[in-house]
Amino acid sequence: MKKYKVGVVGATGMVGQRFVSLLENHPWFEVVKAAASPRSAGKTYVEALDGRWSMPSPIPANVADLVMIDASKVEEMADGLDFVFCAVDMKKDEIRALEERYARAECPVISNNSAHRFTPDVPMIIPELNPEHIQIIEAQRTRLGTKRGFIAVKSNCSLQSYVPALQPLRDFGVKEVLACTYQAISGAGKTFETWPEMVDNVIPFISGEEEKSEREPMKIWGHIENGEIKLASSPSITTQCIRVPVSDGHMAAVFVRFEHKPSKEEILQRWKEFSGEPQRLGLPSAPKQFLTYFEEDNMPQTRLHRDLEGGMGVSIGRLREDSQYDYKFVCLSHNTIRGAAGGAILMAELLAENGYL
């Protein structure tokens with residue numbers, strides 16, 4: 001099959017680097033353009049990075065010498081591309097305007113940014129959970145006046161460990177959820193070299209993260225009505241989000257109350273058997289086993305299990321009854337793979353397979 005010609009907007013940041021790294025040998029997508037801030041424009045990708053490459057594998061040879069484009073030069077960047085991945089570090093209103101300019105230029109945008117997550121006709125997709133939300137794109141294209149262009153976003157990285165674990169249990173009536181997330185420094189675009197104050201330290205605040213963790217699941221679990229995605233009214237979710245001295249991997253401690261309390265065996269069976277549209281379609285980035293439960297009391301562990309299924313799987317452990325809620329458990333996902341670039345690539349594969357790209 002022909003390869004899609006792809007651009008990465010915000011290619012020098014932590015998530016942009018992850019996009020470039022994950023797409024190196026992708027069977028469908030080929031990075032042919034890269035964009036970032038005006039100070040990077042005209043430099044090669046290697047020059048623009050200036051020693052800031054943070055991925056475990058080397059810079060892909062096919063991208064290293066690409067001449068960087070100013071991300072605001074939309075027509076220049078979009079020309080000849082099938083779509084772009086977007087992961088820029090700008091103010092929200094600036095991101096909203098930039099992504100809409102790309103969409104109106106008939107260049108679909110697969111976004112890692114939060115700016116459009118609550119635009120009513122922009123789908124926010126975790127491909128195994130709500131693939132049907134891609135149908136809202138037709139309403140969005142009508143609003144934008146485009147034939148090809150649209151914006152689709154992925155959700156915040158903090159909820160991509162515990163929301164997938166709750167998905168197979170929803171018909172038991174998930175009523176109340178308390179989730180405390182323990183989040184890696186790469187979620188802030190940092191390494192221990194660039195953020196030495198995180199070594200041997202915990203910071204009990206991540207700006208905006210708790211609001212995202214509590215609100216975004218309501219859109220993921222919402223439904224399409226009159227050209228908009230209407231938010232779900234339940235469950236009630238409360239969160240605390242804490243930055244911990246870990247390079248990659250977000251862990252969550254989850255407490256849940258049900259309307260119809262299942263048995264522990266029923267929960268374990270649901271997790272084991274759960275799969276979604278990416279698995280059915282055999283998409284290139286789809287994990288074979290989306291949810292993996294560990295029986296050992298001291299697992300999952302961040303360093304051991306964040307790369308499960310190439311970083312696209314979710315690890316779960318320590319399921320047990322609770323004295324105040326019905327059950328509690330822990331779960332783990334790779335925040336810059338499943339929670340960011342990898343999740344966006346999987347969403348792009350879903351969109352491609354359904355004829356939207």
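# Briefing on a predicted protein model

Thr336 counts as buried because its relative accessibility is 2%, where buried means under 20% relative accessible area, exposed over 50%, and partly exposed in between, with a 1.4 Å probe and protein chains only. This is a predicted model, in which local features need pLDDT of at least 70 and side-chain atom pairs count only at pLDDT 80 or more, while totals for chains, interfaces and linings use all residues. Residues are numbered from 1 along each chain as its sequence is written, and side-chain values use heavy atoms, with hydrogens and water left out.

**Overall build**

- The protein contains 12 helices and 14 strands, these being DSSP runs numbered from the N terminus (H or I over at least four residues for helices, E over at least two for strands).
- The radius of gyration of the protein is 20 Å, which agrees with the value near 21 Å that a compact globule of 357 residues would have; this radius is taken over C-alpha atoms, and the globule rule is 2.2 Å times the number of residues to the power 0.38.
- The C-alpha trace spans about 60 × 50 × 35 Å along the principal axes of the protein.
- Of the 357 residues, 58% count as buried.
- When contacts (heavy atoms within 4.5 Å) are taken between residues at least 6 apart in sequence, 77% of them join residues at least 24 apart.

**Surface and charge**

- The accessible surface comes to about 15000 Å², and 47% of it belongs to carbon and sulfur atoms; such areas come from the Shrake-Rupley method with a 1.4 Å probe, and for residues only the protein chains shown count as cover.
- The protein has 41 positive and 48 negative side chains, and the centres of these two sets lie 2 Å apart. Lys and Arg count as positive and Asp and Glu as negative, with His and the chain ends not counted, and each charge is placed at NZ of Lys, CZ of Arg, CG of Asp or CD of Glu.

- Thr336 lies in the loop between β14 (327–333) and α12 (337–353), and, leaving aside neighbours within four places in sequence, Thr336 is in contact with Met14, Arg18, Ser186, Asp248, Ala341 and Gly342.
- Ser315 belongs to strand β13 (residues 314–321), and its relative accessibility of 0% is why Ser315 counts as buried.
- Not counting residues up to four places away in sequence, Ser315 touches Thr292, Phe294, Pro300, His305, Leu308, Val330, Cys331 and Leu332.

**Residues with some exposure**

- Glu214 sits in helix α8 (residues 209–220) and, at 27% relative accessibility, counts as partly exposed.
- Beyond its neighbours within four places in sequence, Glu214 is in contact with Ile237, Thr238 and Thr239, while Glu214 and Pro235, 21 residues apart in sequence, are 9.8 Å apart in space, C-alpha to C-alpha.
- Gly80 is found in the loop between α4 (74–78) and β4 (83–86), and with 54% relative accessibility Gly80 counts as exposed.
- Gly80 and Lys33 are 47 residues apart along the chain, and their C-alpha atoms are separated by 9.5 Å.

**Cysteines**

- If a disulfide is a pair of cysteine sulfur atoms within 2.5 Å, the count comes to zero disulfides.
- Cys86 is in no disulfide, and the nearest cysteine sulfur, that of Cys107, is 10 Å away; Cys86 counts as buried at 2% relative accessibility.
- Cys107 is likewise in no disulfide, its nearest cysteine sulfur being that of Cys86 at 10 Å, and Cys107 counts as buried at 1% relative accessibility.
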